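Open the model in your viewer and keep the selection tool ready. We will go from the whole chain down to a single residue.

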Amino acid sequence: MSLLRRRHAAAIAIFGLAALAPLAVHDAFLLHTVVEILLWGALAAAWNVASGYAGQVSLGHAAFFGIGAYSAALFGTRFQQSPWLGMLAGVVVSVGAGAVIGYLSNRLRGPYFALSTIAFSQVLLVVASRWRGFTAGSEGIPVPFRPGLWSLGLGHVAWVYLALAVAVLYYLLQVYLDRSRVGYQLAGVREDEDAAEALGIASRRLKVLAVVLSAALTAVCGSLWAQFVGFVDPFYVFSVDLSVRFALMTIIGGAATAVGPFLGSILITSLETYLRATFSGVKTGFTGIYLVIYGTALILVVRFVPEGLAGLAGRVRARRRRRPQPAVAGARQ
Amino acid sequence: MGPAQIEAFAQLVVSAVLLGGIYALISLGLTLIFGILRVVNFAHGEFLMLGMYLAFWAFTLWGVDPYAALAAAIPLSFLLGLLTYGAVMRGVIRASHNVQIFTTVGLSIVLQNVALVAWSGDFRSVRPWHSAVVLRAGGTAFNLSQVVAFVIAVVLTVALFAFMRWTHTGRVMRATAQDRDAATLMGIDTDRVYRLTFAIGIAAVGAAGVLVAPLYPVYPTAGLQFVLVSYVVVVLGGLGDMVGALLGSLIVAAVEVVGSYFFGTAWKEVLYFLLFIAVLVFRPAGLFGQRGAETLGA
């Protein structure tokens with residue numbers, strides 16, 4: 001097995017299966033789940049750029065998601081324009097907002113930065129839910145379905161391939177951050193900012209860059225999500241829960257790893273979808289059990305397996321390779 | 001100013017003080033835990049929510065008045081704090097910021113969803129007789145529950161300050177807050193101090209949850225709105241600074257009350273979040289704190 005294939009085996013398996021899914025199954029529910037897994041994975045990957053690779057923990061990434069979702073929905077409903085243009089506008093606004101947040105990351109560290117990102121997303125939540133004249137307020141915006149690629153009214157199969165394209169793109173971007181000079185510099189900033197600065201790394205500029213990039217990537221997925229789901233609810237798209245969800249998927253899958261966010265998305269999205277489908281209506285609230293499980297997993301992972309599921313797999317593989325063959329049976333005791 | 005304006009002004013002041021008293025009790029636990037453990041407890045609101053549910057169930061199942069339930073809520077929250085410290089917090093006291101953030105975020109997810117699974121997401125309310133009594137004095141009107149909640153919050157706050165100021169344990173806690181390594185060298189068992197501090201902080205916020213239960217709806221994420229306020233309060237007052245938290249509570253309550261009066265209740269959150277971001281940008285160590293604490297990661 002070549003080195004390339006071994007390193008990317010998990011990703012190739014995930015994306016390969018996703019690509020084959022529409023050929024193998026025609027069940028709309030299953031394809032819907034595949035799109036969700038890919039979109040959530042891409043969103044987690046976007047979060048990973050700022051919070052995993054650059055180490056600037058944001059608990060307010062829903063802000064950028066909401067900006068993307070709202071701009072796509074508003075361009076479609078209010079201005080009768082293509083959601084693609086809305087996505088572009090969302091990216092532009094998010095880049096601006098990301099620059100502000102990135103600037104804050106240069107002034108605030110650790111919990112202070114995390115708190116400021118929560119405050120930022122809450123301000124947007126209040127604005128979106130109260131500014132009735134422009135955003136339709138707390139009722140949210142139903143996104144009309146207009147068939148066609150330009151209006152992003154797609155069937156399930158087309159959605160799978162669109163989400164797959166985004167997911168692969170984000171994955172490759174993260175692989176670049178794993179291997180490139182910029183990526184190593186980011187790792188330096190993450191591990192010890194002062195030391196990185198002393199080595200001549202422009203840590204302030206790098207952090208802003210990482211947050212801006214992460215914001216733009218999140219907004220793109222926000223726009224796609226609005227079109228895919230067909231409804232934008234301010235209390236969902238700007239919620240702290242959503243920001244926490246990006247973090248949860250990334251950390252359980254493996255922060256600062258390329259495949260981690262997608263592994264996390266598979267675990268969390270599939271259990272959530274399964275519980276929703278099985279228990280909704282039987283006992284409301286019971287679906288929350290998946291968050292009890294993954295919340296517990298989060299506490300355990302950050303403490304015992306900080307590199308997440310992706311790192312765990314790597315660790316096991318490395319140990320197996322290193323373990324010498326015992327010359328005599330039972331010599332290892 | 002005519003008599004109508006004076007009445008309106010008096011009402012605003014009274015409302016702000018009543019609200020500020022509650023915010024103070026919630027925020028004190030948060031700032032105490034931060035000051036001594038150096039951990040921002042992102043699950044703080046969830047302990048408030050548990051206090052609210054305790055009041056709700058005590059009232060619904062046994063008809064116990066929330067203010068009587070307080071007698072059970074304080075020791076129970078204290079115990080829960082001890083258990084949570086041992087099971088979750090203890091292992092991350094000396095870990096990095098990010099590990100600490102996600103440990104408490106994970107705790108918050110778990111507690112919220114345990115409540116959701118156990119008690120569903122329905123909005124519940126606690127309506128004891130005193131929540132319907134309106135007191136009037138000098139042109140101002142307020143709810144009896146609000147007044148009682150305020151008085152109890154003030155009594156608990158004063159008790160907490162007295163404990164920190166005059167007892168040996170309180171002095172030991174302050175010494176640990178000042179310099180944990182020096183405290184260890186002086187023979188202070190810091191682990192015990194952390195455990196006690198965490199339990200006291202949780203007891204305070206649990207008590208606050210019981211106090212606000214008759215005033216606000218009870219649901220699994222009910223803690224969020226309060227904890228967001230208390231983040232603003234403690235950052236304003238300087239994280240870890242107890243007197244600062246008191247002043248911060250009054251400032252945030254005043255901003256909220258005056259903001260609702262002039263701009264409508266809808267926009268009051270924007271006001272205090274903007275205040276929050278402004279303080280973070282211009283005076284991140286708090287209005288009264290020392291500069292530079294936040295970049296050192298305090």
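Helices and strands here are DSSP runs, numbered from the N terminus; a helix has at least four residues and a strand at least two. This is a predicted model.

Stop 1: Select chain B and colour it by secondary structure. Follow the chain along its sequence, and the pattern reads α-α-α-α-β-β-α-α-α-α-α-α-α.

Along its principal axes the trace spans about 60 × 45 × 35 Å. A compact globule with 298 residues would have a radius of gyration near 19 Å, and chain B agrees because its own value is 19 Å. Of the 298 residues of chain B, 52% count as buried. Look also at what touches what. Among contacts in chain B with a separation of 6 or more, 77% join residues 24 or more positions apart.

**Stop 2: confidence.** Colour by pLDDT. Chain B averages 86, and 96% of its residues score at least 70. Then select residues 291-298 of chain B, where pLDDT stays under 50. For this stretch the model has 15 contacts beyond four places in sequence. The scores for the model are ipTM 0.87 and pTM 0.89.

**Stop 3: a pair of helices.** Select residues 3-37 of chain B, helix α1, and residues 242-263 of chain B, helix α10. How do α1(B) and α10(B) cross, left-handed or right-handed? The crossing is right-handed. The two axes come within 7 Å and cross at roughly 140°. Angles over 145 degrees would count as roughly antiparallel, so α1(B) and α10(B) are oblique to each other.

**Stop 4: where the chains meet.** Show chain A as well. Here 39 residues of chain B are in contact with 36 residues of chain A. Select α4 (97-119), α9 (223-237) and α11 (268-282) of chain B: these elements each give two or more residues to the side that touches chain A. Which element gives the most? α4(B) does, with 15 residues.

**Stop 5: one residue.** Zoom in on Ile277(B), in helix α11 of chain B. With 19 other C-beta atoms within 10 Å, Ile277(B) is partly exposed, because a buried residue needs 20 or more. Leaving aside neighbours within four places in sequence, Ile277(B) is in contact with Ser116(A), Ala119(A) and Phe120(A). Finally, select Leu236(B). Ile277(B) and Leu236(B) are 41 residues apart in sequence, and their C-alpha atoms are 10.0 Å apart in space.

Definitions and conventions
Residues numbered from 1 in each chain as written. Chains lettered and ligands numbered in written order. Predicted model: local features only at pLDDT ≥ 70, side-chain atom pairs only at ≥ 80, totals over all residues. pLDDT = per-residue confidence, 0-100. Contact = placed C-beta atoms within 7 Å. Rg over C-alpha atoms; globule rule 2.2 N^0.38 Å. Buried ≥ 20, exposed ≤ 12 C-beta atoms within 10 Å, placed from the backbone. Axes fitted to C-alpha atoms, helices over the stretch in contact; angles between N-to-C directions. Parallel < 35°, antiparallel > 145°, perpendicular 65-115°, else oblique. Left-handed = near helix turned anticlockwise from the far one by under 90°.
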